[in-house]
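Visitor: I've got a model on my screen and would like a quick tour. Shall we look at it together?

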Amino acid sequence: MQNASYDVAIIGAGPAGLFAAYELALKSNFKVIVIDKGKDIKDRKCSLQFFTKCLKCEPCNILCGLGGAGGLSDGKLNLRADIGGNLKEFVDEPDELIKEIDSIFLKHGAPGKLYGKNLKELEKLASQHGIKFIPIPQRHIGSDLLPKVISSFKKELEEKGIEFLLEKEVKEIEKEDGFKLILDDGVIKAKFVLACVGRSGADWLAKQAKKLGIKTRHAPIDIGVRVEIPSVVMEDIINKAWDPKFHIYTPTYDDFVRTFCTCPNGYVVMEDYGEYISVNGHSTLHEKSNNTNFAFLVRIELTEPIENTTAYGKSIAKMATTIGGKKPILQRLGDLKAGRRSTWQRIEKSYVEPTLKNVTPGDISMALPHRIVTDIIEGLNKLAKVIPGINEDSTLLYAPEIKFYSMRFIVNKNLETNLPNFFVAGDGAGLTRGIVSSAATGIIAARGIMKKAK
Ligand SMILES: Cc1cc2nc3c(=O)[nH]c(=O)nc-3n(C[C@H](O)[C@H](O)[C@H](O)COP(=O)(O)OP(=O)(O)OC[C@H]3O[C@@H](n4cnc5c(N)ncnc54)[C@H](O)[C@@H]3O)c2cc1C
């Protein structure tokens, strides 16, 4: 590869990077390059049976490449400014930004159906039981349609002059008369860098930040399980809200527990991070199971003397991985409550058939801290007042599900760090946790770069 110079180098072609590129293509004359270590979306094929092996960048990757972690995801667009981050920290009119992002997805083929209307009754029922229901307008693209939407978006970006450099990893960032991005076979020079590296690049970015003197701090972590139930149990709610968000405080510890990433008629999947495993879920528009799954997560914030939530979360994940023999632990809720491990015989008696079979039936209380297990049981009991049946003995729990958030970069309202002309956006900078929110920060950072360049 030849050495080349750009006005703006965007690292990462996930939603943050792509939407930043769009904004720059539309409103500036900058020479812009988007670099991603993963493949083009058309070459990123992950069928269900390969899902568990897809977390590293080869042979087909769920987290890396054009479209980013969102590229092969379920494609649920949460069209609300305080979901997946808080956009009000950076812009006064975040709703405008969200409308703009939604319209771009629609232009490139996202389905017109919008979930999340007429939710007053559900909000009322939840608050009568001390639960906060968050009404969110949502669009569901589905992991089968999303690649087409992203391909079409890339085509428009290329037509508008954006250059893409795929399957190239940025190894180092150096500051000298602008920035130098060191690749295996060349150097990219740029006046501005916008790092949109997502979760998969977060550790690398944190190391670069340390080297470059960029300020960061630890963020909270979410630890819990993936809950799987027959889809009929949540059918009425799903018909109104595709990914219903319930926020609960538990009686014993007053801890914050929430539902997250509901996958109606979906599948539970395993994520392999090498030193530990975790679970997740996804659903497609066309391939449907008889179950619905969602993450049920406890928010953990640490204060003095230990603030490193990542180290804490990793040690829990590693312990769960050891107990499960490098597979997720599967337990019936009834077994967890009764203090006994699940076995295949017990699970087979249950009328919920697990969608992920590559698991170890076991005892989640051997893997997760007592406080988290108590929060999960109490939280599900509370939620059952709004969704009857959710806390039945046959309900399946997969552990661990851990949502690590990246080190939070200290930024100004334009998403510029304390290192001049170094901007960040999206999940990798700990600013967001979702497709729409990361896309929004990409646009905000692009606008920040344009302001700075004036
Ligand atoms: C299985 C799954 C399902 C999900 N489902 C949903 C959902 O339905 N709705 C929702 O809102 N969110 C969902 N998410 C989360 C969502 O995908 C992310 O929040 C979003 O993609 C973050 O966007 P981003 O641009 O910040 O980073 P990413 O999308 O993670 O993109 C970062 C990109 O940077 C690249 N990169 C990293 N380091 C380097 C480097 N050094 N050099 C070059 N390239 C690099 C990576 O290859 C990657 O492509 C899901 C995530 C997963 C894993």
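Visitor: Which helix gives the largest share of the shell around the ligand?

Guide: This is a predicted model, so to speak: local features need pLDDT of at least 70, side-chain atom pairs count only at pLDDT 80 or more, and totals for chains, interfaces and linings use all residues. Residues are numbered from 1 along each chain as its sequence is written. The shell has 42 residues, counting a residue if its C-beta atom, placed from the backbone, lies within 6 Å of the molecule. Among the elements that each supply at least two are β2 (32-36) and α11 (435-453), but the largest share, three residues, comes from α1.

Visitor: How many of the shell residues are charged?

Guide: Asp, Glu, Lys and Arg count as charged; Ala, Val, Leu, Ile, Met, Phe, Trp, Tyr, Cys and Pro as nonpolar; the others, Gly among them, as polar. The shell divides into 14 nonpolar and 20 polar residues, and the charged ones number eight.

Visitor: Is R80 buried or exposed?

Guide: R80 sits in the loop between β3 (76-78) and α2 (94-107); helices (H or I, at least four residues) and strands (E, at least two) are DSSP runs, numbered from the N terminus. A residue is buried if 20 or more other C-beta atoms, placed from the backbone, lie within 10 Å of its own, exposed if 12 or fewer, and partly exposed in between. R80 has 21 within 10 Å, so R80 is buried.

Visitor: What separates the C-alpha atoms of R80 and I134?

Guide: Along the chain, R80 and I134 are 54 residues apart.
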